[in-house]
Structures are given as C-alpha cells and as structure tokens.
Amino acid sequence: MDSDKKSRGKRVVPGFGLTLGITISMLSIIILIPLASVLGYSFQLKPGEFFDIMTDSTVLWAFFTSIVMALIAAVINVIFGTILAWVLVRYDFPGRRIMDGLIEIPFTLPTAVAGITLSKMYSTTGEIGGPLSALGIKVSYTHLGLIVALVFIGLPFVVRAIQPVLEKFDYQYEEAAYTLGANPRTTFFKVILPELRPAMITGFGLALARGIGEYGSVIYISGNSAKEHTQVVSYIIMQKLERLDYAGATSIALVMLLISFVLLLVINIVQIRQSRRTNNV
Amino acid sequence: MYVELKDINKHFGDFHVANNVNFGIEQGSLVALLGPSGSGKTTILRMIAGLENPDSGDIIIDGKRVNNIAPAERGIGFVFQNYALFRYMTVYDNIAFGLELKKMPKDKIKERVNELLALTNLNGLEKRYPNQLSGGQRQRVAFARAIAPNPSLLLLDEPFAAIDAKVRQELRTWLRQMIYKVGITSIFVTHDQDEAVEVADRIIITNKGCIEQIGSPIEIYKTPETPFVTEFIGQSAVIEDYHRLNGFEKGDYKGAVIRPEFVEAFKSDNQKFKNVIDISEEGEITDILFRGNSLELTIDLNGVPITVHRSLERREVRVGEKMRVLIFKLFAFDDEKAYLLENSKLKERNINNEHLESYLYNENTNSFVI
Amino acid sequence: MAKGVRDKKKIGKAGVILIVISVLFVLLMLVLPLVSVIVNSLKEGFGFYFNSLSTKYVLSALGVTLLATVCAVLLNTFFGLVAGWLLTKFSFRGKQFLATLIDIPFSISPVIAGLAYIMTFGRLGWAAPIIDSINNTFGTDIQIVFAIPGVILATTFVTFPFVSREIIPVLNTQGRDEEEAAALMGAGGFRIFRKITFPHIKWATIYGVILCTARALGEFGAVAALSKTRGKTFTLPLEIDALYLAGSSDSITAAFAVSSLLVMIAIAVLVLRNFFERREL
C-alpha cells in the first residue's frame, strides 16, 4: 500500500492491474523502447566521436538556428497569442467563434502542406513575398522565413494555454484594483499579467519545444542552406539518416532529446505550481 | 449485537486514525458517529463498508466476520457525502442500478423502484437527471438507491453536508422518520452535534482515532465521561479558575466547563431571586450578542468570563451593567474523566434546578420573570 | 454564466484596436495559407486538378495514409481510454511521471521518432535479428523499417497522446465517486466503464479521435524517415513533398492539388470541433 495521502486506503474501483499493465506495455513498445534504442546506440559512441560530431560547424550552426529562431518565434507568439486570447475571451464581436476555431488551423493542417504554402506565399513571386521583395525584404529561404513558419506552428499552443486561465479569471480582482484607484493599464500590468504568467510560460515552452524540433513546415521555406545557416537540426538528422550516418544522427538526436526533456520538465513544474496556487485560493 | 468492531487499528502513514476501536450496534438502531474532522469517524464508516481495510481487528456484521468479504457482498447500502449519483442516468436508472446487478427480472425492478419513488416522495421525477434535482431531492435519490437492494445495514457519510442550512433541518426529520419506516440498522457520520442529537438514538463520539463515549443523546449531554466530550458537547467554555467561583472548592481537577444553561444572571433588584442573592456573585456584562431567539451575555466574574443566555422577554441589559450571577453546577475534569460538581451553597439550602426554574417562570403571566 | 457578461458589453477604443490586430493577424497568418493552397491547386484548371489527384502514386499514397491513420487512431483510442481510466480512477506512486511520459511525443522532433524506429528495427537495430529469426522460422517476410508497418508505427508514435489528452481532463473533473459507488454496489469494471464512465467522456473521445485523425493524416517528419518508396510506402504528405521538390510548374500545382485534399480535411475537423464543443455545453 502506498503512502500517498490522497489514495486513502484500498482501491475500490476494479481494473488497476489491467489498465496499468496495458498502459505501460503500450507506452514502452511505441515510445520508450524505440527512444531507448537511440540512447543505447549513442552511448556506444566514444566520447571523442560524439564530440567531433557535435562540434562540426554545420551541426553547431543548425542548433543555433533551431534554438534562436524558435525562441524568437515563441516570443512573437506569446505577444500575439496573449492578445488573441484576450480578445477571444473578453470581447464579443461578430465572427468571434469562427476566429476561435481558426486558431487551431496549425494543429490540423499537415506540416508539409503548411510548409509548401508558406514557402510559396513568401517567395519573391508569392502573394506576400512579392510586395515585400519590392520593399527589399526577402522572406522565403532566409531566417525570416523560418520565423514565419515557426510562428504559424506555435501560435495555438500559446493561445490555448492562456485562454482557459483567462476564462477562469475572477473579475473581482480587477474590480478590486479599479476600486483602489488603478486605471485599466495599471490593472492589466499589475493584476492580470502576473496571473497569466504561468500560462504564458507554459505556452512559450510548448511553442519553443515544438519549434526546436520542427521539420515539415520549415524545410521548404528555409532553403536549407549551410552557407546561409538556414539548416535546422531536424533537417541535419534527416540528412545524416539519408547518408546512413547513424552515429551522427543519434548523437544529435540525443542532444535534442535532452533539450526537450528539460523543456518538458520545466513546463510540468510550472503547471504543477500553477494548479497548486490556484487550488489554495 | 448486529454490527461489532473489535480492537480495530488503522494507520495512514504515521497517522493513527483508528486506535483500538471497539463498539457494538444493536439491530434496528440509528447510530451517529460524531467527532471533529480528522477524528477517524469517516474511516470507521469506510472500514465497515469495506472501502478501507483495518490494519488489525475484526469487523463483524450479523455474526459473520466480514474483513475479507468484498464491499458488495456485505449487504450494506452506502450514501456518499456528495451522493455520487450517476450523472448520466435518470433517477429511475440510478435506483434500478443495484437491482439490475442482482439480475432481478425487469418487472420486479419496476415494482421495487416505483415503491421506493413513492416512499421517498420522488414520484414524477423518475425521468430527471441528477443535475435537474434540488439538493434535498438528490439526497432522497441517494437514499432510495442505497436501500433499493434491501441491504441490512445502511451507512451514510455526512448525509447533510451538501445541503443548504435551511433544507437541512427538514431533511433531518425526514431521514429519521424514513429510517424508522424502513426499519434498517443505520450508521451515519457527522461533525455537527445538533445533527447527531436530533437524528440518532445512539451517539458514538470519536476523537483522535479513539472512541470517547457511547450513549444516548441525553446520556452524552447530561453525563459526559471524558474531558473531550464535556468540551465538545453543548456550548461549552473551558475555565481553569473554577474554584474562584462562589460555591465551588478547589479539587484535584485540571479545569472545568460551564454551559450557559448552568448559569443564571439577574439584576440585583429582582425579587424572584431574593433568597439566593446572598450566595450569588457580582459580575459585569462585557459583551452582548443577539442570537435570534435570545441574547447571549458574556459576564466577567472575578476575572472569569461566563456565558449565559437571556430571554428576550426579560428586562433590557447593556454592556457595563452589573449583574448578579449564580452558577448551579459545572463539569470539572482531570486528564481522563469528567465529574459533575454542584454549587455547594445551593446544595446546603436544598435548592435544585427545578426550584430555580420555578423561580424564573411566572405562571400567572405565562412568561419568564423580568 | 455570469463571467464575461460585465465586460463583453463595452469594447472601448483599446478593444477595437486589439480586435483589429487579432483579426488581421489571424487572416494573414492562418487563413491566407489555406486560401493560397486552394488558389494554387486550381491554377491549371479543374481538369488538371482531378488528373493530378488520380495518378497511381497519389492513389497509392491515399491508401497508405488511410491504413496508417486507421491503425494509429484505433491503437491510440484504445490507449487513451485505458490510460485515462488508470490516471484518473486510481492514485499510485509515479502517476505524474507516467502522465509526463505519455506526453513525450508532443515535445520531440518527429524526425527523432523515425530515427528511433530505425535504430530499433533497422539494419543496426537490436530488434532486427529477432525479426530475421521470426522470418526464417515461419517463412514470413515481415519488414518494419521502410515498409508499411514502419509507417503505421511512426504515425502512432506522433499521435500517441492525442486521445488520452482529451479524455484525462474530463475524467479528472468528474472525480471517482460515481465509480466507487457502483463498485460498492457490486458492479464489475467493464459495466462501470460502459454505463458510468464512458457517458462522461463520449464527446471528449470523439473529439480526440478527430484530432488524432487529422494529425495522423498529415504526419510528415517521422514517416519521411521511415518510408522511401514512392508509390508503395509513401503517404500523402510524402507524395506532396515529392511533387513539390520535382520543381516543374505542373508538379508544384499537382502538389497543391493533393494538399487541397488535406486542407479540406483540416477545415472539416475545425467545423466538427466547433460542433462538438457546443454539444458539451
């Protein structure tokens, strides 16, 4: 019997053993064992080999590109995602419901489709890329293009993280602030924003995690040029796989797994803290 | 004894929630497990139901040891604190659920459900879903569902906790009558002494995993046996300097409890009390609370705060006013037991409570003395 | 509900600005790409459109995609129901950790999922000899990597948490007292699930299945690593990739034609999502 305070006493509802068995088996077969194989293979490499692979300038640049572009995109998404969530929760206007549904386009649209469309739209002959190139701004096949694709992919993560918190937000806090003489601006920045911070961090983290590993939507628009440093890590892994360079692919994957693991951990901690805080109120 | 607990012990981690619990319940009785939260009362109920296993000891229902018998086989009905009604089933299906499990034929189920709907006054609501019912109606559905398969023992976990204060009063009477009508041995858990006193015919008081006292509501009220019970029951204020009060000598006690009804406070010109005024003491009113049907006065008596109720029909009093105070009796206690001490001065004069009552009541005007 | 009623009435100047920003952002970032796909796909007329949809490659890819999607959705729905029951009806040590493990596919690059199966079942994988010996013993010809089973596994991996993620929050709010009550009355596990638990999560399950389907149909990165034969193991997104990278104006238009199929599915999913959300209220 475990000591978990919530699990007072015995399990009355049947099926614990069965569901635990099935859950762990399926999780192991589909997710854990294959990932463990990657770890297992990469651990066979000598430290020197691993070091050589990771310090190759193409690889380092790819990590730089993936992480920095994902960071920039996530910041943009937090700003626009917060505005969108705010507008969707706080205002009633014609088309609000439709707009709410449209937020999820990036979740449901296949990444490859998003990739080729964005690439075409932002190319010098495209609907948006054309006018922009007249102004001297090139988007497709540059870092800017990468950011556009990652903003597209990450947006719903942020909006969907913030929306429920905002919906549950008690108007009394705001009203309390108003009655104490705070103007709407002060109220937003001093009262509402701090409450939203955990949700914003969660959304930021999810968008970042997704952005760092993104493949389908970025490979067309980025141009994958080693010279321009527009190659992303996922592209490098794929390239090494095609060349049957398994040592290279697994080493890079190992580092990527580590990054996602840390991000996932941080997000989880933030979420647990958040629920603990709100539960105590 | 119909239900018996013998030397039951149970821990949650380091927490001893049941410490050598022993008691028996007679068939047909309606028993309250009363105690503050964390006293182990709910755990005891859940162990009887089989929702928890004791670490040691025997649970006996109808002469059979049931420790190793599954909850569903113990012949019990259980009413959960929040009723746990099946939200996606109608009232009818909720009540019929336990009968279907017994593979009862359809027409028999219908008969039994209709009988219960009539009994619990739920006629016409059978097609509703739980969220379309009021709190009181939900409790009745939960009750009907629990007794549908004819269990021989009904267990109720804080049956009134989820109900508004106003409806609660009605439901107490309703539940008591219903349980007698059905004639089922019942145990319910509560932290509210009024509830226990009004509904149950026996009360088991729990504290820190131990049984403090078992008895009828009157017994518990009139002769509390332990320090905990004296304090827990009634509106009780603990005082240490009881021996400073007129008529009580210092004994080998740790403290005492005085209930408001043990005290009389009157103005010094009150003629009714003229023959006891010399053994009363003077105190000063420090606080007056309006309690709806009476006043609650706090009187400072030689530095001891005393609480007393005062009828609204009597003369007005105000904070700072001097009053004469007479204490008839109190419960003194040491570490283990509680003792009734009577005012020695009153005793000398052979005046008991009843005499005092007659002092207070004016039969001619049918009202209390001013 | 009382929330929102107070503030939704008055929009104010700042509100109008925020709404305009949001609407423009959504139109530009999310809606325009969808329109662009449709426009591009019809550039050569309807005849060309339908011809490019009925090539043997596209038809084969459609078959593979549907097969992989059906398998992934079935597996993940079963898993979602089982894991949902486990994680909400019981308390046990390590529960939070298990929930985190299930979410792994959300935060890692799909390319790594592909790599993981290659490192498990591929030429260098530790499971390759096992499969070889099975094939030798039973005279079968089971192949996982670069074959249909690999495509199915990769699709399952990427969509693994989709159904459980929808079910778990609903079951968490429901609590477990109904199940305890039923168990106490002597109901068995399957009956409790069917009559008491499932009605609570019916719509969440359907919604999860829809999302899972959408994501499975569009999976690209993981499948790209595991599928190399056009016309045999290619899925629709891979076919789109192949057509787009062929580079001729005709094949790019064909790529958009195939994409338009997936865009229509994406839109259908959004509409269904909205429909089910209303059902829940």
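Chain B has 10 helices and 21 strands, where helices (H or I, at least four residues) and strands (E, at least two) are DSSP runs numbered from the N terminus. This is a predicted model, so to speak of local features we need pLDDT of at least 70, and side-chain atom pairs count only at pLDDT 80 or more, while totals for chains, interfaces and linings use all residues. Residues are numbered from 1 along each chain as its sequence is written, and chains are lettered from A and ligands numbered from 1 in the order in which they are written.

I will stay with chain B for a moment. Its C-alpha trace spans about 80 × 45 × 35 Å along the principal axes. Of the 370 residues of chain B, 40% count as buried, meaning that 20 or more other C-beta atoms lie within 10 Å of the residue's own, with C-beta atoms placed from the backbone; 12 or fewer is exposed, and in between is partly exposed. Among contacts in chain B with a separation of 6 or more, 64% come from residues 24 or more positions apart. A contact here is two residues with C-beta atoms, placed from the backbone, within 7 Å.

Next, helix H4 of chain B, residues 135-147. Its 13 residues should span 18 Å at 1.5 Å a residue, and its end C-alpha atoms are 19 Å apart, which agrees; the expected span is 1.5 Å times one less than the number of residues. H4(B) is mostly covered, with 10 of its 13 residues buried. Those buried include B:Arg138, B:Val141, B:Phe143 and B:Ile147. What do the buried residues of H4(B) pack against? They pack against strands E6 (76-79) and E7 (153-157) and helices H2 (91-101), H3 (106-119) and H5 (165-182) of chain B.

An open sheet of four strands in chain B has the order E11-E12-E18-E19 with antiparallel pairing; two strands pair if DSSP finds at least two bridges between them. Its edge strands, E11 (237-239) and E19 (338-342), each pair on one side only. On average, neighbouring strands here are turned by 35 degrees against each other, direction ignored. The axes are lines fitted to C-alpha atoms, for helices over the stretch in contact, and angles run from 0 to 180 degrees between N-to-C directions. Strand E18 (residues 329-333) of chain B pairs with E19(B) over five bridges, in the antiparallel sense, and B:Leu330 stands opposite B:Leu341 in E19(B).

The other open sheet has five strands, in the order E13-E17-E14-E15-E16 of chain B, again with antiparallel pairing. Eight bridges join E15 (residues 294-301) of chain B to E16(B), and B:Leu301 has B:Val304 as its bridge partner.

Finally, the interfaces. On the side facing chain B, 12 residues of chain C are in contact with 14 residues of chain B. H11(C) gives the largest share of that side of chain C, six residues. Between chains A and C, 76 residues of chain A are in contact with 85 residues of chain C. Helix H1 (residues 16-44) of chain A gives the most to the chain A side, with 16 residues.
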